[in-house]
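Have the structure open while you read.

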Amino acid sequence: MPSKISWIDNLRGIACLMVVMIHTTTWYITNAQSVTLLNWDMANILNSASRVSVPLFFMISGYLFFGERSARPRHFLRIALCLLFYSTIALLYIVLFTSINGELALKNLLQKPVFYHLWFFFAIIVIYLVSPLIQVKQASGKMLLALMIVAGLIANPNTVTLKTGGMEWLPVNLYINGDTFYYLLYGMLGRAIGMMDTQKRWLTGLCAALFIAAVFIISRGTLHELRWRGNFADTWYLYCGPMVFICAVSLLTLVKNTLHTRPLPVLGLISRHSLGIYGFHALVIHALRTHGVEIKRWPLLDIVWIFTATLVASLLLSMLLQKIDTRRFVS
């Protein structure tokens, strides 16, 4: 079990850093007309490589709760307290430091999160709710591969439509609808791959190549959409899209095979504070961007600055919160 915990810690740390990178580069991605194509594409590549972060969090939760143990009442209490706490912090930030309509945000709390990044707390509740009913069995590599090809690519409703001669070939309609199906699938795959013997050099190399190839396709597909539409479209960015699906499976296997001996110091630190960093980082980025504490004249430097400042500030806030929240209810 120690080796499995080590790679989970490292994977959680990587996923947390990727989430910060996604929101760091979002301004450039969504303001294509305000930056050069080179600078936009630089942000696009970084964002494309980080899209896998959210699926990884679902896979980690699935690995932990879709096995012998399932979510307990304390887990539901913790996620409810996290949702309440970080929503309260976000609401205070909105009311005190922004022109956003705080009353409207509070009114629609049960329909959408107070601040955009808090949607994950709603989605993860589903993983917890179904965990007592799901215990993933040991599966053969061939069966798992077939599942991933069919559900992740061939029948994925987010797969770009392929037509020839008026006939639609992809995606095949297996009546798969909704992101929740894929969140649960990510969780089950996290558990299934986590239990498998994946320590094969050729598999490690293959997963590295697949991850790089999928990131390349995501970034080039998004660039194509920009040129075609004249504006950004998230067609290739979707967390449940086929290329992000490939990235998630590949990176989880890659980390499991290469970072399983011990938690790396930096990743271990980020992993221990991942909840706090996730809860605070979007507010920090918003504050930096809206108050002009940025260096947009030099986009690459700006991305490094916003990412670093956000990570450090969020980490310090998380450390402070852990000093107060000794029972780790929200930290």
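Predicted model: local features only at pLDDT ≥ 70, side-chain atom pairs only at ≥ 80, totals over all residues.

1. Numbering runs from 1 along each chain as its sequence is written, and side-chain values use heavy atoms, with hydrogens and water left out.

2. Take helix α7, residues 141-154 (helices are DSSP runs of H or I, at least four residues, numbered from the N terminus). Leu144, Met148, Ala151 and Gly152 are buried there (under 20% relative accessible area, 1.4 Å probe, protein chains only). They span an arc of only 95° around the axis, which puts them on the same side of α7 (the arc is taken from the directions from the helix axis to the C-beta atoms). Lys142 and Met143, on the other side, are exposed (over 50%).

3. What do the buried residues of α7 pack against? Their partners are α8 (179-195) and α10 (242-258). Leu189 has contacts with Leu144, Leu147 and Met148, among others beyond four places in sequence (contact: heavy atoms within 4.5 Å).

4. Leu189 also turns up in the largest nonpolar core, of 99 residues, as one of those touching the most other members, including Phe58 and Phe121 (a core is a set of buried Ala, Val, Leu, Ile, Met, Phe, Trp, Tyr and Cys residues joined through side-chain atoms within 4.5 Å). Helix α1 (residues 2-30) gives the most to this core, 14 residues.

Note on methods:
Helix = DSSP H or I, 4+ residues; strand = E, 2+ residues; numbered from the N terminus. Expected span 1.5 Å × (residues − 1).
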